[in-house]
Amino acid sequence: MSVNFENVNVGDTLPKWSRKTSFAEWNRYAAVNEEFVPFHMDDEAGRRAGNEQGAFGMGNLRYAYIVNALHAWIGDTGVVREVGCQYRAINQKDDVLTVIGEVTDKRTEDGEQRVYLDINVVNQDGGATCPGHAVVALP
Amino acid sequence: MTELTYVTDEMRAAQGQWGEPWTAPPITDTDIRRWAMATFYPEQPPRIYWDADYAATTQWGGIVAPPDFNPFAWPVERRSRGGSPGLAGRRPDGKPLTGMNGGQTDTYGVPMRPGDVVSARNRLVDWWEREGRLGHTLYVRSEIEWRNQDDELVRTRFSIGIRY
């Protein structure tokens with residue numbers, strides 16, 4: 001069930017949205033985004049780029065996960081208006097990434113009912129990898 | 001002693017200047033379906049991204065692309081990236097810098113649909129440098145704007161490139 005502007009409140013949390021990430025996810029993303037960067041595909045190249053554990057995931061895929069989590073919450077009646085994030089930590093192989101978020105504001109502007117959220121993507125150890133924000137418009 | 005910098009004269013000359021626009025191949029419903037299948041893997045993506053009958057019943061009236069969809073992947077003719085490699089910073093000894101994605105903020109206008117032809121233009125906004133975990137590091141902020149064939153704004157992105 002999707003949300004509407006009236007029943008969203010500051011402090012509400014985004015339903016958690018998770019994926020375990022490894023080459024199966026990274027290679028599919030590389031294929032559609034044509035992002036065949038060696039350090040995302042090859043452990044040795046990952047180490048050469050400074051990550052001792054080897055290959056690591058794309059920031060853009062984490063960004064996609066944020067967008068997907070928002071869509072799962074607002075459904076096809078809402079609109080994703082803005083998403084921003086910083087890539088602060090590396091997405092290691094077999095990480096379980098979970099998109100989390102909390103509503104920080106809701107207001108009407110530019111003729112739209114907008115809801116503001118703080119967003120992050122945390123790994124299985126609770127490490128925050130991707131602090132950011134989002135704005136969605138809701139009916 | 002001169003302070004270490006990876007900033008180039010090309011960057012200083014280009015700051016704030018919009019580059020020539022470039023255009024993506026037309027978006028197809030297959031591009032959208034595959035994108036959604038990759039980013040939702042291993043689960044099935046939402047129907048709005050692949051089921052035309054369902055999509056016709058929504059506010060969009062048809063299939064739309066996920067907001068993060070990139071129509072510029074897989075061009076037949078390669079565009080040289082930003083025109084000059086000097087725009088991405090340079091080490092004084094000439095050795096290439098490693099690049100990483102530092103983050104982005106996207107603001108969305110109209111959605112992308114099958115058949116759309118999206119054009120982009122970009123500019124260098126500003127930059128800063130500091131000593132980090134990876135040594136001397138250059139952060140470059142750029143702005144990229146996408147418009148569709150009707151000149152409607154699709155997306156504005158401010159992104160941070162990390163070079164070390």
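1. Are W17(A) and F40(B) buried or exposed? In this predicted model, W17(A) is buried, and F40(B) is buried as well. The two rings form an aromatic pair of the edge-to-face kind, with 5.9 Å from centre to centre and 80° between the planes. This pair crosses between chains, since W17(A) belongs to strand 1 (residues 17-21) of chain A, while F40(B) belongs to helix 2 of chain B. Both residues also take part in one aromatic cluster, which is formed by W17(A), Y65(A), F40(B) and Y49(B).

2. A further aromatic pair is found within chain A, where F39(A) and F56(A) are stacked, at 4.8 Å centre to centre and with 20° between the planes. F39(A) lies in helix 2 (residues 38-41) of chain A and F56(A) in the loop between helix 3 (43-48) and helix 4 (59-74) of chain A, so the pair ties together parts that stand 17 residues apart in sequence. Both members, F39(A) and F56(A), are buried. Over all chains, the structure holds eleven aromatic pairs.

3. In chain A, the charged end of K106(A) sits over the ring of F5(A), at 4.6 Å from the ring centre. In chain B, R121(B) lies over the face of W18(B), and here the distance to the ring centre is 3.9 Å.

4. As to the overall build of chain A, there are four helices and five strands, and their order along the sequence follows the pattern β-α-α-α-α-β-β-β-β. The C-alpha trace of chain A spans about 50 × 30 × 25 Å along its principal axes. Of the 139 residues of chain A, 55% count as buried.

5. Helix 4 of chain A deserves a separate comment. At 1.5 Å a residue, its 16 residues should span 22 Å, and the end C-alpha atoms are 23 Å apart, which agrees. Because 15 of the 16 residues of helix 4 of chain A are buried, this helix is largely enclosed by the rest of the structure. Just after helix 4 of chain A comes G75(A), which takes a positive phi of about 65°.

6. Which element gives the most to the lining of the largest cavity? Helix 4 of chain A does, with three residues. The count comes to one cavity of 30 Å³ or more, and the space in the largest cavity is about 270 Å³. Its lining is made up of 22 residues, and those that lie nearest the centre are V80(A), W60(B), A65(B), P67(B) and P111(B). The elements that contribute two or more residues to this lining are helix 4 and strand 2 (79-86) of chain A. By class, the lining of the largest cavity has 16 nonpolar, five polar and one charged residues.

7. The second largest pocket holds about 290 Å³ of space. It is lined by 15 residues, of which A31(A), V32(A), D31(B), A73(B) and W74(B) lie nearest its centre. Helix 1 (23-33) of chain A and helix 2 (29-40) of chain B are the elements that give two or more residues to the lining of this pocket, and the largest share, four residues, comes from helix 2 of chain B. Sorted by class, the lining of the second largest pocket has ten nonpolar, two polar and three charged residues.

8. Some points of the backbone may be checked one by one. The peptide bond from Y41(B) to P42(B) is cis, with omega near 5°, and P42(B) is placed in the loop between helix 2 and helix 3 (52-55) of chain B.

9. For E34(A), phi is near 50°, and the residue is placed in the loop between helix 1 and helix 2 of chain A. E34(A) counts as partly exposed, because its relative accessibility is 22% and buried means under 20%. D151(B), which is not a glycine either, has a positive phi of about 65°, and lies in the loop between strand 4 (135-147) and strand 5 (153-163) of chain B. With a relative accessible area of 53%, D151(B) is exposed.

How values were computed: Residues numbered from 1 in each chain as written. Chains lettered and ligands numbered in written order. Predicted model: local features only at pLDDT ≥ 70, side-chain atom pairs only at ≥ 80, totals over all residues. Heavy atoms only, no water. 1 Å grid on protein atoms, 1.4 Å probe; cavity = no way out; pocket = protein on both sides within 12 Å on 5 of 7 lines; lining within 4 Å. Points joined across faces, edges and corners; volume = space filled by probe spheres on them. Nonpolar A, V, L, I, M, F, W, Y, C, P; charged D, E, K, R; others polar. Phe/Tyr/Trp six-rings, centres within 6.5 Å; stacked < 30°, edge-to-face > 60°. Buried < 20%, exposed > 50% of the residue type's maximum accessible area, 1.4 Å probe, protein only. Lys NZ or Arg CZ within 6 Å of the ring centre and 35° of its normal. Expected span 1.5 Å × (residues − 1).
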